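This briefing is meant to be read with the sequence and the model side by side. It moves from the chains to their interface and then to individual side chains.

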Amino acid sequence: MSEKIYSLLLRLYPARFRQQYGAEALQLFRDRLRDERGLLRKLLLWIDLLIDFASGIPQAYRNTYTTTTATQAWQTVSGLPTFRTLEEEPLRPGSVVMGGLFGIATLALFILVMNHAAAYHPFSGSIVRLGAAPAGSRSSPDVQAVAEKLEEQIQSSNQLQKCSFEKLEMHPGNIGYVKLTWFPDPASCRAVADAVMQRLNETDAVIFDLRDTRGGYPEMVRLMADWFFDHPVAWYNPRAASPEQLVTDSPVPGSRLADKPVFVLTSSRTFSGAEQFAYNLKTLKRATIVGETTSGATHAGTRTPPSQIALSEPKPIWEGTGVQPDVRVDADDALRTGEDLALGAIRKK
Amino acid sequence: MPRRKLDPLPTAAFQIMLSLADGDLHGYAIMRQVEAQTNGRMRLGPGTLYSSIQAVLEAGLIEEVDGSSDQEAGHERRRYYRLTSSGRKLARTEAERLADLLRVARVKKIFRGEYV
């Protein structure tokens, strides 16, 4: 029994050592076991062995085992040339440990590099810092310069345009202004939409210009609305494919928009998904609708197969009637009116 | 060369070399011999023993000899070790170094042993 334990403990030694001395070490252990009888002496023997393990293993790993293995190889072949392949060598625990450490180090380096890369990516973490630059004079000039450069990058990269964000501007009084022509596919534009919302985080009021918005993906409509609530709220969606789509996913981590005034500009051209956005924010009393009654479009363009929209009503509530504005002005005047209202709302706060 | 590893010479290595001064011994006998020559203060476990043996072997201070003389009934072949001439030289150097140290200790009245 104790011999078994000892041979297991011997496995802690490098393979070369075991190959060379394993049998003899075991023999020595047997000899001592034979010679040292009595409980106390046995106990002392084990204490000896444990101390021996602590001091012997590091030394065993330091040895190179070169000369002796060479002679041994020579002896085994007795004059015949052989090839000792590495494949036959058992993997030394030292190599495994070194490999592991090297792997971890490589991974850490990779993560570090990726984190740094993210800082220069125009549409991820940098947007948070970027937003701060035009919003206030708090940030230092060089940070601002970097932010401006990044902003240029955004503009030049056309990412916003690709995702149907026609304009993302700061209007006087720290009003964030977004004009979009389409609520884009979240699959490809989620990051951009999040970046836009992050940017709006830095403002005191938000104007959504939906006067020329033809519609879009209901998921994106809701994803953007998620930012405006600090708790989940019921979300009207005539095309909902699942119950999850009938409630907002709020609060959005990092959102500071939940208590900021929102104004939605509408026109008679405002269509479908844009009407859904306006309708919901109006009904939830989260936004003031400024402009004209919307087109009252059907969801003729649905891509969802009928079997999947069983949960929903066949027609949106606004079909035929459109969404009525809270403040009725001509579409062309809607922006100016919206800005005035936003400034008033900011002052009131 | 691995010689560096033995500079300064570890106690265990020195004791092993001393134990082989009188003649060839196998591992277990070395261990017993070391135990005897240190009045039981140093008992080399298998790990320390064979690691030290390997280290001094690599440094060429001892060498392996065929243990055919020990082929008694039922005994498996044991490896015997012999002190090489360079090992003997190094052991002497080490002993002289220790003697010098002892002389100093005696002059400083730290050590009062009359013999040695």
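The model is predicted. Chain A has 349 residues and chain B has 116 residues, and about 2,400 Å² is buried between chain B and chain A. Over all chains the count of salt bridges comes to 23, and five salt bridges are counted between chain B and chain A.

**The two chains**

- The secondary structure of chain A consists of twelve helices and six strands, whereas chain B has four helices and three strands, which follow the pattern α-β-α-α-β-β-α when read along the sequence.
- Buried residues account for 43% of the residues in chain A and for 45% of those in chain B.
- In chain A, 74% of the contacts between residues at least 6 apart in sequence join residues at least 24 apart; in chain B, the corresponding share is 51%.
- Chain A exposes about 18,800 Å², with carbon and sulfur atoms supplying 61% of that area, while the accessible surface of chain B is about 6,700 Å², with 52% belonging to carbon and sulfur atoms.

**The interface between chain B and chain A**

- The size of an interface is often given as the accessible area lost when the parts come together. For chain B and chain A the buried area is about 2,400 Å², and carbon and sulfur atoms give 45% of it.
- The contact draws 31 residues from chain A and 24 residues from chain B.
- Eleven residue pairs are in polar contact across the interface, counting pairs in which both residues are at pLDDT 80 or more.
- On the side of chain B that touches chain A, α2 (27-37) and α3 (46-58) of chain B each supply at least two residues, and α3(B) gives the largest share, with twelve residues.
- Sorted by class, that side of chain B has ten nonpolar, seven polar and seven charged residues.
- One salt bridge is formed by A:Glu36 and B:Arg43, whose closest N and O atoms are 3.7 Å apart.

**Salt bridges within each chain**

- In chain A, the side chains of A:Glu3 and A:Arg30 meet in a salt bridge with an N to O distance of 3.0 Å. Because A:Glu3 lies in helix α1 (residues 2-10) and A:Arg30 in helix α2 (residues 15-35), the pair ties together parts of chain A that are 27 residues apart in sequence.
- Both partners count as partly exposed, A:Glu3 at 30% relative accessibility and A:Arg30 at 29%.
- A:Lys179 and A:Asp209 also meet in a salt bridge, at 3.9 Å from N to O. A:Lys179 lies in strand β2 (residues 175-180) and A:Asp209 in strand β3 of chain A, so this pair ties together parts that are 30 residues apart in sequence.
- A:Lys179 counts as buried at 6% relative accessibility, and A:Asp209 counts as buried at 0%.
- In chain B, the side chains of B:Glu64 and B:Arg79 form a salt bridge of 3.8 Å, N to O. B:Glu64 lies in strand β2 (residues 62-65) and B:Arg79 in the loop between β2 and β3 (80-83), so the pair ties together parts of chain B that are 15 residues apart in sequence.
- B:Glu64 is partly exposed at 32% relative accessibility, whereas B:Arg79 is buried, with a relative accessible area of 10%.
- Salt bridges with shared partners also join A:Arg32, A:Glu36, A:Asp48, B:Arg32, B:Glu35 and B:Arg43 into one network.

- The side chain of A:Arg211 is joined to that of A:Asp209 by a polar contact of 2.7 Å, and a polar atom of the A:Arg211 side chain lies 2.5 Å from the backbone oxygen of A:Ala331.
- Leaving aside residues up to four places away in sequence, A:Arg211 touches several residues, including A:Tyr177, A:Leu265, A:Arg269 and A:Asp332.
- B:Gln15 is found in helix α1 (residues 11-19) of chain B and counts as buried at 14% relative accessibility.
- The side chain of B:Gln15 makes a polar contact of 2.8 Å with the side chain of B:Gln37; beyond residues up to four places away in sequence, B:Gln15 touches B:Val34, B:Gln37, B:Thr38 and B:Met42.

Definitions and conventions:
Residues are numbered from 1 along each chain as its sequence is written. Chains are lettered from A and ligands numbered from 1 in the order in which they are written. This is a predicted model: local features need pLDDT of at least 70, side-chain atom pairs count only at pLDDT 80 or more; totals for chains, interfaces and linings use all residues. Side-chain values use heavy atoms; hydrogens and water are left out. Contact means heavy atoms within 4.5 Å. Buried area is the accessible area (1.4 Å probe) that two parts lose on being put together, summed over both. A salt bridge is a side-chain nitrogen of Lys or Arg within 4 Å of a carboxyl oxygen of Asp or Glu. A polar contact is a pair of N or O atoms within 3.5 Å; within protein, one must be able to donate a hydrogen and the other to accept it, and residues adjacent in sequence count only if both atoms are side-chain atoms. Ala, Val, Leu, Ile, Met, Phe, Trp, Tyr, Cys and Pro count as nonpolar, Asp, Glu, Lys and Arg as charged, and the others, Gly among them, as polar. Buried means under 20% relative accessible area, exposed over 50%, partly exposed in between (1.4 Å probe, protein chains only). Accessible areas come from the Shrake-Rupley method with a 1.4 Å probe; for residues, only the protein chains shown count as cover.
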